[in-house]
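Hello,

Here is the structure I promised to pass on. Please have a look at it first, and then read my notes below.

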Amino acid sequence: EGQSCSHTHAWDILYQTVTLLKEAGNEALKSSQPTLAAQRYDKAVNYCSIAYLNFPVGNSLFLAEHQYVISKNSGFECRWNPLLKQLIMIRLNLSMCFLKEELKDTKEALSQANLALRALRPFTEKGVVLTGKKLSKKRKDEPHETFKEAKTLQAKAYFRLGSAQLAATDFEEAVNSFDKSAKCSKEVDLQVEDAVVRKLNEAKRRRKEKKEKERKKFKFMFSSQGDDDDGDLRL
């Protein structure tokens with residue numbers, strides 16, 4: 001019982017540390033300091049990695065036991081808990097930071113959004129949690145609140161992914177991501193956020209402009225080729 005209490009205290013300290021760093025990052029972001037915010041979020045992710053990465057833990061039994069459970073589930077955390085939710089939200093905030101002018105790193109913005117989506121994978125089917133190797137098993141009777149919270153975060157993650165894809169001028173993928181974001185919200189009867197609708201329309205518009213530009217380019221190339229062919233015939 002004493003050991004269990006000690007483990008719980010260790011998790012509490014880890015969660016509190018991560019939360020403080022996340023809040024400090026939020027404050028920096030509000031103060032228009034995205035570089036400082038990113039540094040604080042990154043430090044928070046590093047603390048979370050203590051729980052979720054596989055590495056020698058020495059005498060830290062609370063980590064050893066946790067790593068064993070994760071290893072049985074293909075490296076996924078399959079228990080919906082406050083630390084995991086914080087990690088996902090921090091990654092989404094980091095993704096947003098990397099799209100700010102001061103940082104402008106679309107590759108890292110994409111990476112953070114995808115990592116958030118990966119962490120959500122076990123929780124995106126209603127009433128169950130995916131577990132086991134390759135997440136091929138289903139743990140039933142999961143509270144509906146888990147599904148609702150996971151889908152809400154998944155909607156935000158697809159929005160961040162779409163925003164990064166839009167910044168990278170990958171308009172086709174951006175449209176797909178914004179569509180998925182809207183779908184996730186609808187699955188749990190939430191209104192699609194205005195920002196998602198605006199970005200989706202922007203991605204569709206820019207996709208159309210890109211296709212029109214490419215069509216004109218090819219048309220010009222073929223017409224030029226035709227002129228050259230006529231010239232060859234005249235010779």
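How much space lies in the second largest pocket? About 280 Å³. Before I go further, please keep in mind that this is a predicted model.

**The pockets**

Let me stay with the second largest pocket for a moment. Its lining is made up of 15 residues, and those nearest the centre are Thr152, Ala155, Lys156, Arg160 and Glu193. Helices α4, α6 (144-167) and α7 (171-187) each give at least two residues to this lining. The biggest share is from α6, which provides six residues. Sorted by class, the lining of the second largest pocket holds seven nonpolar, five polar and three charged residues.

The largest pocket has a volume of about 320 Å³. You will find 17 residues around it, with Tyr52, Leu87, Arg91, Arg118 and Ala119 nearest its centre. At least two lining residues come from each of α2 (34-52), α4 (82-97) and α5 (106-120). Here the lining consists of 12 nonpolar, two polar and three charged residues.

**Salt bridges**

Side chains of opposite charge can pair when their charged atoms come close. With a limit of 4 Å between a side-chain nitrogen of Lys or Arg and a carboxyl oxygen of Asp or Glu, the count comes to 13 salt bridges.

In helix α8 (residues 194-234), arginine 206 and glutamate 202 meet in a salt bridge, with 3.6 Å from N to O. These two residues are four apart in α8, which is about one turn of the helix. Arginine 206 is partly exposed at 26% relative accessible area, and glutamate 202 is partly exposed too, at 27%.

In helix α1 (residues 2-30), lysine 30 and glutamate 27 are separated by about one helical turn because they are three residues apart. Their closest N and O atoms are 3.9 Å apart, and the two side chains form a salt bridge. Lysine 30 is exposed, with a relative accessible area of 67%, whereas glutamate 27 is partly exposed at 45%.

Lysine 104 and glutamate 101 make a further salt bridge, and the distance between their closest N and O atoms is 3.8 Å. In this pair the lysine, residue 104, is partly exposed at 44% relative accessibility, while glutamate 101 is exposed at 64%.

There is also a network of salt bridges that links Glu172, Arg207 and Lys211.

**A nonpolar patch on the surface**

Please look at Phe218, Phe220 and Met221 as well. These residues form a nonpolar patch on the surface, and together they have about 350 Å² of accessible area. Phenylalanine 218 belongs to helix α8. With a relative accessible area of 46%, phenylalanine 218 is partly exposed.

**Tryptophan 11**

Tryptophan 11 sits in helix α1. The C-alpha atom of tryptophan 11 is 9.2 Å from that of leucine 63, although the two residues are 52 apart along the chain.

**Two residues with positive phi**

Which backbone angle stands out at lysine 134? Its phi is positive, at about 60°, although the residue is not a glycine. Lysine 134 lies in the loop between β1 (128-131) and β2 (137-140), and it is exposed, with 76% relative accessibility.

Aspartate 189, which is not a glycine either, also has a positive phi of about 60°. You can find aspartate 189 in the loop between α7 and α8. Its relative accessible area is 74%, and so aspartate 189 counts as exposed.

Happy browsing, and do write back with any thoughts.

Best wishes

Methods. Residues are numbered from 1 along each chain as its sequence is written. This is a predicted model: local features need pLDDT of at least 70, side-chain atom pairs count only at pLDDT 80 or more; totals for chains, interfaces and linings use all residues. Side-chain values use heavy atoms; hydrogens and water are left out. Patches are made of residues with over 30% relative accessible area and no salt bridge: like charges are joined within 9 Å, nonpolar side chains (Val, Leu, Ile, Met, Phe, Trp, Tyr) within 5 Å. Accessible areas come from the Shrake-Rupley method with a 1.4 Å probe; for residues, only the protein chains shown count as cover. Buried means under 20% relative accessible area, exposed over 50%, partly exposed in between (1.4 Å probe, protein chains only). On a 1 Å grid over the protein atoms alone, a cavity is a set of points where a 1.4 Å probe fits but cannot get out, and a pocket is an open set with protein on both sides within 12 Å along at least five of seven lines; lining residues have an atom within 4 Å of a point. Grid points are joined across faces, edges and corners, and a volume is the space filled by probe spheres set on the points. Ala, Val, Leu, Ile, Met, Phe, Trp, Tyr, Cys and Pro count as nonpolar, Asp, Glu, Lys and Arg as charged, and the others, Gly among them, as polar.
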